[in-house]
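Dear colleague,

Please find below the structure that I am handing over to you, together with its sequence.

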Amino acid sequence: MNRHINKVAVIGSGIMGSGIACHFANIGVEVLLLDIVPRELNEKEKARELTLNDKVVRNRLVNDALAKALKSKPSPIYHQKFAHRITTGNLEDDIAGVAGVDWIIEVVVERLDIKKKVFENLEQHRTPGTLITSNTSGIPIQFMSEGRSEDFQKHFCGTHFFNPARYLKLFEIIPGPKTTSEVLDFLNSYGEQFLGKTAVLAKDTPAFIGNRIGIFSIMSLFHAVKELGMTVEEVDKLTGPVIGRPKSATFRTVDVVGLDTLVHVANGIHKNCPKDERHELFKLPDFINTLMENQWLGSKSGQGFYKKEKSKEGKSEILTLDLDTMAYRSKKSAKFATLELTKSIDKVIDRFSVLCGGQDKAGEFYRKSFGQLFAYVSHRIPEISDELYRIDDAMKAGFGWEHGPFQIWDAVGLDKGLEFIEAEGQKAADWVHEMKAGGISTFYSVKEGATYFYDIPKKAMAKVPGQDAFIILDNIRKSNEVFKNSGVVVEDMGDGILNVEFQSKMNTLGPDVVAGLNKAIDLAEKDFQGLVVGNQAANFSVGANIGMIFMMAVEQEYDELNMAIKMFQDSMMRMRYSAIPTISAPHGMCLGGGCELTMHADKVVAASETYIGLVEFGVGVIPGGGGSKEMAMRASDSFRKGDVELNVLQEYFLAIGMAKVSTSAYEAYDLGILQKGKDIVVVNKDRQIATAKAHAKLMAEQGYTRPPKRKDVKVLGKQALGMFLVGTDAMEASNYISEHDKKIANKLAYVMAGGDLSEPSYVSEQYLLDLEREAFLSLCTERKTLERIQHMLKTGKPLRN
């Protein structure tokens, strides 16, 4: 049976329900969002003399909840216009509408009695065969469907989204006693392909997989912090980006999520898992009980492990909770010799052996925490999952870990991990020792580009299912390497398509990357059919190497800087005018030069979570790698559509002048960076490289022909230049921009107007590139520009001067 999801009903419009509704709207699905009817009027309704029978009152709860969600940051929706796909209603007047949906998702309060009542009501209107699932985070699935019809129970299971639904990828699927395999297979496929999730099949056990392991990890740290005499700052320093975890690390994450939420789950595990070998660890330490008694729950209550206060001078200061005195104090810096040893190690996975070998408190902390984690996850199989890779997938997708527990164990080594476990007085599960005795020393291996895991029942390595739709660059980098320098690796992805992958820090675009890009195009033109520019790092590229630009400018090596900028421009033009199709696959941050590269590809296959923009104004220059030219040319193309030319040009000018960055790939269409009808967006980033490869192959097979270089770019000359100059004068006079801001804006205006031509004219791309490069170089001679670049290099933040 082929299922198609065209419309869903979400029951419950709280933070989670509204977030789920928005994410379905993100992918083009119609949503019916329902909530209860208010039982009394609020003051505003009384003032308007409304009654409980008025529709606006009856839908107040759902409408207010959705409106609040849409205003929240980060936004739950890719583009505000997508909110029109959501229809709101209430559970009394509009519940009959669930008869016309393909999937009903319950997201009401976490009380079994209320959920069962909701399901009883829904079954009266549900069409047989319709999927019906619960977003519960811990209530046993088996209890929720009791008393429901056979058809209901066959199509019922748990589908646990993590909050926020748009950003966290974990999608746990928990079967009920009678859920059919067809339903489970469909949800697994739909979650991955359409929702962009990492779908993980979990057993119906307390807290499922993600929260069971995640809460254990946090509770383990709560107990260790006192034992090791560590501060809040020290733990957050050790459990953040250095080990591939979010910047919020441990205590800041608890503040954001809410301590009461964590305590609720921990208490649930303690109550419902009496046979867990670490049962006592889920008991709350004294300092957590004190926080709960004081209602210091984190961000929601204004204070938790951290507290923001204003001094007498009006300056904001972040204070930290001292876990010994339970009083707030000024933040202390946290430094460890072991962390210093990892500064030159770019890949997180390569740091673990160094971190665990540290001879200071940090090394002791890592050995202790990983030893406890390794033991715990080994014993959760087969309790919460039959396959170890599902545990790793859940932690990566639900908690933002770059590497799961078994991957980290592989990184430190099987024997070392067992040593850490024994040092903690723990014991690994028997199957780990059986694996070692069988001559297998890793939980994962790679063979012919595919990932294999240790299959415990079979006592052998087995291929992780579902990989065929993906291309995992880590798995093919060594075996399929065609070219490599310090800036890039070029890989043969098969079917005549190459991929060029940046390898520089933060994927910045320096000389080696530019040389590698040109080499990749050379190779593709000679022996292949197409080229993808893509990687699977956290960010596509944060832009050009501004450190190099700064050094050249300080040393007044203007000829060398001119050559470097000319080389970058020429490389961008090669992206567009090569003999083979070029595809850019941006994701995460794609800024400055990364954006310019993307705009010059034949086609863009963007991940939905792409934050892209031309941000050069922040360091005191204009886009110099073809970005200014490209925006002028795209404005020119829009002139032909009958829009007012000056207004169109101004919009493109402001996209650069205000350093606008999209908050999703869909917003990039509004900025003129992505182009409708040419560029596409994929929701699942794991599929991005494979999708980009497929489009490169298709373009080649359809007979790709190099496009002719453009000589028909319409520029408006003095007409536009005058408008821009008057505008920047007014902005400076009103103190909206500084004198230097005005100078940068005027340089950009000169380029995008095509110079001070006396009348509108048609020019070539090269004409605009020359103007762009000249303006860029002139700004690099300015002291205030150098100050901005230096400030950005030191702080990572733009400077207004």
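The model is a predicted one. I begin with a pair of helices: α31 (residues 739-752) packs against α32 (residues 765-780) at an angle of about 165°, and their axes lie 9 Å apart. Angles over 145 degrees count as roughly antiparallel, and α31 is therefore roughly antiparallel to α32. The crossing of α31 and α32 is right-handed. On the side of α31, the contact is made by Lys-743, Ile-744, Lys-747, Tyr-750 and Val-751. The residues of α32 that take part include Leu-768, Leu-771, Glu-772 and Ala-775.

In soluble globular proteins, nonpolar side chains tend to be buried together. The largest nonpolar core here has 111 residues, and those touching the most other members are Phe-305, Tyr-366, Trp-409 and Trp-431. Helix α16 (residues 361-379) supplies the largest share of this core, with 9 residues. Leaving aside residues up to four places away in sequence, Tyr-366 touches Leu-238, Val-242, Ile-243, Leu-339, Leu-355, Cys-356 and Gly-371. Another core, of 81 residues, lies apart from the largest one; among its members are Ile-521, Ala-524, Ala-601 and Ala-606.

Finally, how far should helix α24 (residues 558-576) span? At 1.5 Å a residue, its 19 residues should span 27 Å, and the end C-alpha atoms are 27 Å apart, so the two values agree. Several residues of α24 are buried, including Leu-561, Ile-565, Phe-568 and Met-572. Gln-569, Ser-571 and Arg-576 of α24 are buried as well.

With kind regards

Note on methods: Residues are numbered from 1 along each chain as its sequence is written. This is a predicted model: local features need pLDDT of at least 70, side-chain atom pairs count only at pLDDT 80 or more; totals for chains, interfaces and linings use all residues. Side-chain values use heavy atoms; hydrogens and water are left out. Helices (H or I, at least four residues) and strands (E, at least two) are DSSP runs, numbered from the N terminus. The expected span of a helix is 1.5 Å times one less than its number of residues. Buried means under 20% relative accessible area, exposed over 50%, partly exposed in between (1.4 Å probe, protein chains only). A nonpolar core is a set of buried Ala, Val, Leu, Ile, Met, Phe, Trp, Tyr and Cys residues joined through side-chain atoms within 4.5 Å. Contact means heavy atoms within 4.5 Å. Axes are lines fitted to C-alpha atoms, for helices over the stretch in contact, and angles run from 0 to 180 degrees between N-to-C directions. Angles under 35 degrees count as roughly parallel, over 145 as roughly antiparallel, 65 to 115 as roughly perpendicular and the rest as oblique. A crossing is left-handed if the near helix is turned anticlockwise from the far one by less than a right angle, and right-handed if clockwise.
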